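Open the model in your viewer and keep the selection tool at hand. The stops below go from helices to a sheet.

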Amino acid sequence: MAFEPDSRPRVAVVGAGIAGLAAAHELARDGRVDVVVLEGSPRTGGKLLRGEVAGVATDLGAESVLARRPEGLALIDELGLAGEVVHPVTQTAAVWSRGALRALPAGHVMGVPTDVRSLSASGVVSATAVARAALDEVLPATRVSDDVSVGSFVGARLGRAVVDRLVEPLLGGVYAGRAGELSLQATLPAVAEVAGQGSLMRGLRTRAVPASDTGPVFAGLPGGVARLAEAAAASLVARGVVVRLDSTVRSLERTPTGWRLLVGAAAAPSTVDADAVVIAVPAAPASRLLGASVPAAAADLAAIDYASMAIVTLALPPSAFPNSIAGSGFLVPAVEGRVIKAATFSSVKWGWYPGDLIMVRCSIGRHGDVEELQQSDDELIAVALRDLAVVAGLRGVPIDAIVSRWGGGLPQYGVGHLSRVARVKAAVSSVGGLAVCGAAYDGVGIPACIGSGRAAATQVLGGLLGERQ
């Protein structure tokens, strides 16, 4: 259908993950446009999902909001949940290395140590590896004229063991990626900022720390941070926004008045016409939608790879861990040969869980790993229990367990990612009435995705309402 000149413009949001929900929230809050959200799956929320394990509601996807970025807490506030925000009881984490759980070096920046003494005291790497890292203080500057991989740069400064046993496990927790493939500029901007200045550790020690890097690092909500997505979706419906589930957008084409979207089953699709479109889906489907109208952006998006992963959530009796649990969890370097890459003791980290059980989340899957994720749910649960027995002294069997699979869940920010994203956004914005957002662009965390969605909404609103004034 075409819109009459005096009618309110319509914006279609493709995708109802947290970025799409944030974009739709911003559009609806403006109040001058009609909004329709088109989601291909049976539910909203994307990687934010809750479920019950042993009768307790818990997150099965993302489980915390980075509190040092404002966008997540701001949306929580706007949705009336600010009074319920909680912070971790403990944020102490460890890494399983060389046969023991060891504390991360004090003052590290995403696993990159800032001091040889703290690296040595941690015991994460051998004395030989500590001596190699100490050379960073006397080596000539490593010139970086363009983007490089994290592994190549940090390895050149501090040695391979620091990359394998510290940096890669922390990056793996965020991106499920490999340090040798991930972009230094996109994933470790603080490190990239001091690259080429000489000693990396000295540069990180003396850099100016933003005022926002104080206070609690993470925040959550009792019952699970996925409540944020649930509240956002409910708020949209209350505002009269149309949210269509099971409505895959199959194609997008330019029309004389805006855009036409082909939606639904291939055998019986329907059309939705809109003055503007926000594309809030992962890179591959976004590439397919943009293939005809913005081929340059489509090509760049097609080059963004994704990693799959699974989360095994276990409810265990307190007696299952004869040794006391001192921290919120631990990381496992790939070089250790274990299947789980991390474990979070959720009931220790957050204070709102009942005291008669221990809830543990085990993450499985790194970029390029296929065979491990092809195992059945029962096999993944057994693997998680086996690794917990070795690393954390688990004894006994779980009260309940559930496996959540996130196929293609985490975009890989490869070398050159920032330039690629800049090209995509420039090409998309040049078309008019079109914007993109989500984890594929400016950050994979909840606040980053919210900020991405809001920026996309602001972009299309500016174009639409500016043209109509």
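The expected span of a helix is 1.5 Å times one less than its number of residues. Helices (H or I, at least four residues) and strands (E, at least two) are DSSP runs, numbered from the N terminus. This is a predicted model, in which local features need pLDDT of at least 70, side-chain atom pairs count only at pLDDT 80 or more, and totals for chains, interfaces and linings use all residues. Residues are numbered from 1 along each chain as its sequence is written, and side-chain values use heavy atoms, with hydrogens and water left out.

Select residues 160–175, helix H6. Its end C-alpha atoms are only 20 Å apart, whereas a straight helix of 16 residues would span 22 Å. Just after H6, alanine 176 has a positive phi of about 55°.

Next, select residues 227–238, helix H10. Its twelve residues reach 16 Å from first C-alpha to last, close to the 16 Å expected. Its buried residues include Arg227, Leu228 and Leu236. Glycine 240, which follows H10, has a positive phi near 90°.

Last, show strands E10, E11 and E12, an open antiparallel sheet in that order (two strands pair if DSSP finds at least two bridges between them). E10 (249–255) and E12 (270–274) each have a single partner strand, so one side of each is left without a neighbour in the sheet. Five bridges join E11 (residues 258–263) to E12. Leucine 261 has valine 272 in E12 as its bridge partner.

Technical notes
Buried < 20%, exposed > 50% of the residue type's maximum accessible area, 1.4 Å probe, protein only.
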